[in-house]
Amino acid sequence: MSKMDKYLSREDIKILEILRKNIQNNVVKITCTGLYNHGKSSLMNALIDDFEEKTFKIGDVRTTAKNKSFVYENIEYIDTPGLNARENDDKRAIDAIREADFNIFVHNGAEGEFNQPEMNFLHHIKSNWDNPNDFINKNIFVLSRADSLQQSDIDKISNKMKRQIIDIFGTPNQAINNKVIATSSKNYIKGKKENKNRLVENSNIDKIRVEINTLIEKYGNTIMQAKKNRLALKCDEYIQKLKTQRERIQLEKDKLENQRAKLARKVSEWNAHLNQ
Ligand SMILES: Nc1nc2c(ncn2[C@@H]2O[C@H](COP(=O)(O)OP(=O)(O)OP(=O)(O)O)[C@@H](O)[C@H]2O)c(=O)[nH]1
Ligand SMILES: [Mg+2]
């Protein structure tokens, strides 16, 4: 047992260890959110090049029930349960986005533009974020299942999605340009498995990678600084906790000391009484 184990709980030590490792390994955290069955887990598998699609479970029913993370090439990908499926799912997704450095919001393009539950979710972010533009800057919107659409539909739907984002967040037109990417995880994985480069290229999965790298380049330093601050704050919090613990132990000790003195006095009184 190290000195630290003696004074901090296992949970506290785990938190410190994760924060320290994230700084040491320079790991960036990316969450993936969106309505259930919209292709989040499939996209995560494509991004980590798991062509057997075993890392993130996929399926036609509500599949992902809790956050699942996987580190690949210094990026921690966090798959989340679909929004609006069960009570607390939205809260869990919001907490995950807040904890992460970047977010990918997946929308099934086969269903047209954003629907009401998605709009509600984005409105919720807009009104609860200290700086909603920061959310937009660090977010990539994905129009998934592009393989089931014609290019003209993809263009129409992407434009509608951009308009919806602008309407909610008031984002300038220009800032939203690279923010909606139409992808096909299915074609990417098929193309990789069957060595069909055109499928891979047209799947646009590499476009997401490029956008992720652009974000890392742009925000990497501030993210690292924020992580260091987070670790420093946690350390301060634990030092405060230990100080409080020490004060409490000191009080207990004083109390016991008083009781001992009282007893000693009583014993000497009794002894004096017996000796009379
Ligand atoms: N045609 C096509 N189908 C896809 C694509 N991506 C995902 N799917 C299918 O969509 C369904 C849902 O995919 P998932 O990746 O499990 O969706 P999810 O958003 O993670 O779902 P939950 O975990 O339930 O929230 C599965 O049947 C996938 O095979 C795609 O690019 N093209
Ligand atoms: Mg899933």
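Which residue just after helix 3 takes a positive phi? In this predicted model, the residue just after helix 3 with a positive phi is D49, at about 55°.

**Burial of helix 3**
- The buried residues of helix 3 are K40, S41, L43, M44, N45, A46 and L47, and each of these therefore has a relative accessible area under 20%.
- An α-helix has 3.6 residues a turn, so residues three or four places apart point the same way.

**Packing of helix 3 against helix 8**
- The crossing in which helix 3 passes helix 8 is left-handed.
- On the helix 3 side the contact is made by S42, L43 and A46, while helix 8 contributes S185, Y188 and I189.
- Sorted by class, the residues of this contact between helix 3 and helix 8 comprise four nonpolar and two polar residues, with no charged residues.

**Packing of helix 3 against helix 10**
- Helix 10 runs over residues 205-274, and its axis comes within 10 Å of that of helix 3, with the two axes crossing at roughly 75°.
- Because angles of 65 to 115 degrees count as roughly perpendicular, helix 3 and helix 10 are described as roughly perpendicular to each other.
- Here L43, A46 and L47 of helix 3 meet I205, I208 and R209 of helix 10.
- The residues in the contact of helix 3 with helix 10 divide into five nonpolar and one charged, with no polar residue.
- L43 and A46 take part in the contact with helix 8 and also in the contact with helix 10, and both residues are buried.

**Q164 in helix 7**
- Q164 is located in helix 7, which comprises residues 151-169, and with a relative accessible area of 12% this residue counts as buried.
- When neighbours within four places in sequence are left aside, Q164 is in contact with E113, F114 and M119.

**Cysteines**
- A search of the whole structure for disulfides finds zero.
- C32 counts as buried because its relative accessibility is 0%, whereas C235, at 32% relative accessibility, counts as partly exposed.

Conventions:
Residues numbered from 1 in each chain as written. Chains lettered and ligands numbered in written order. Predicted model: local features only at pLDDT ≥ 70, side-chain atom pairs only at ≥ 80, totals over all residues. Heavy atoms only, no water. Left-handed = near helix turned anticlockwise from the far one by under 90°. Helix = DSSP H or I, 4+ residues; strand = E, 2+ residues; numbered from the N terminus. Contact = heavy atoms within 4.5 Å. Nonpolar A, V, L, I, M, F, W, Y, C, P; charged D, E, K, R; others polar. Disulfide = S-S within 2.5 Å. Buried < 20%, exposed > 50% of the residue type's maximum accessible area, 1.4 Å probe, protein only. Axes fitted to C-alpha atoms, helices over the stretch in contact; angles between N-to-C directions. Parallel < 35°, antiparallel > 145°, perpendicular 65-115°, else oblique.
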